[in-house]
Amino acid sequence: MMLKKILILVAVLPVLALLAYALTLDPRSIPSPLVGRQAGEFTLSLFDGGRFTLAEQRGKVVVINVWSSWCIPACYNEAPALEAAWQRYHSRGVVLVGVNYQDRDAAAREFLARFRHTFPNGPDTGSKIAIEYGVRGVPETFFIDRDGRIAYRHVGEISLPILVQHIEQLLHESGGTS
Amino acid sequence: MRGCGEPRQRGKGAVLRGWLWALPVTGLVVVCFVPLALGATTPDLEAQVREIASQLRCPVCQGLSVGDSPSELANEMRTLIREQLQQGKTSAEVLDYFAQRYGEWILLAPPKRGFNLVIWVLPFVLLPIGAAAVYVGARRWVRRSAASESPPQRLDSPYAERLQRELDSYR
């Protein structure tokens, strides 16, 4: 009788453990297959009327931040760090671009004005860029090296130290002059 | 008398009758090509979009397919599926497009290769084992209940005599 109980436990416990482990996993933290691959090309119509084309940035380190004004508090918390990184690095050939995901135009513009963002920002019409980059939620930040490959993907709120760490690493890779 | 090579002189009615064949042809062209030109979709295409969308996990939902999700992203993904099918891509190519960007995680049914095969094979292995366990368990249970249905034991004689006396007193 005791043996039977042990056998049942041996059969059931691994299944329960597997289910419990699966519940702790965050789908957003699943590694992106895009890291290491060539970044998908896109052109973004900017809020200021300009245009941003990724293909034109070849040879530069590019940081793509996907955000929304309804993403509270993560997008609000990281907003000052992004502007600080832009101020610190744009003279060193680093490009930062904001991709506004599933947002209302007025709310997005209000967000940009509130945080005095001066780097290029534009709405992702039809979520085409988000799908191209396999975005699973906001915020997400992609770091693209000088050769146009996705080097890192950061899920969730990003801080200035993490931005600096990845940008510095990419600036010093592939024969960076900065 | 007109020669065979001469054009025939026809009245207005005859000319109209001559062009009547064009009506159904024009109708067919309008029905078939105008909706396509206007970007409308055919029922077949929509069924194919639904079929593919039902195989993709909605990235911003909990346990919903792209086909079932009312989210904006799922809607955009369905539009993208439709566009890709209209460009001539096959279902497999469309599914691969999403798997390339989101990983195999996006596919609700894992591909039948590598370690994933365990998931596909295991149910067929476990099913007969489970069925055998249920059969053995049920047989044991039936035997046990049959054994417990033995004839009632005779009461000890003093009680039996007393019971009999009391029953007799009521008669």
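Chain A contains five helices and seven strands, where helices (H or I, at least four residues) and strands (E, at least two) are DSSP runs numbered from the N terminus. Along the sequence these elements follow the pattern α-β-β-β-α-β-α-β-α-β-β-α. The model is predicted: local features need pLDDT of at least 70 and side-chain atom pairs count only at pLDDT 80 or more, whereas totals for chains, interfaces and linings use all residues. Residues are numbered from 1 along each chain as its sequence is written, and chains are lettered from A and ligands numbered from 1 in the order in which they are written.

The radius of gyration of chain A, taken over C-alpha atoms, is 20 Å, well over the 16 Å that the globule rule gives for 178 residues, so chain A is more spread out than a compact globule. The rule is 2.2 Å times the number of residues to the power 0.38. The C-alpha trace of chain A spans about 75 × 40 × 30 Å along its principal axes.

Of the 178 residues in chain A, 33% are buried (20 or more other C-beta atoms within 10 Å of the residue's own, with C-beta atoms placed from the backbone). Among contacts in chain A with a separation of 6 or more, 72% join residues 24 or more positions apart; a contact requires C-beta atoms, placed from the backbone, within 7 Å.

Between the chains, 13 residues of chain B are in contact with 14 residues of chain A. On the chain B side, helix H4 (72-86) and helix H5 (91-102) are the elements that give two or more residues. H4(B) provides the largest share, six residues.

Conventions
A residue is buried if 20 or more other C-beta atoms lie within 10 Å of its own, exposed if 12 or fewer, and partly exposed in between; C-beta atoms are placed from the backbone. Two residues are in contact if their C-beta atoms, placed from the backbone, lie within 7 Å.
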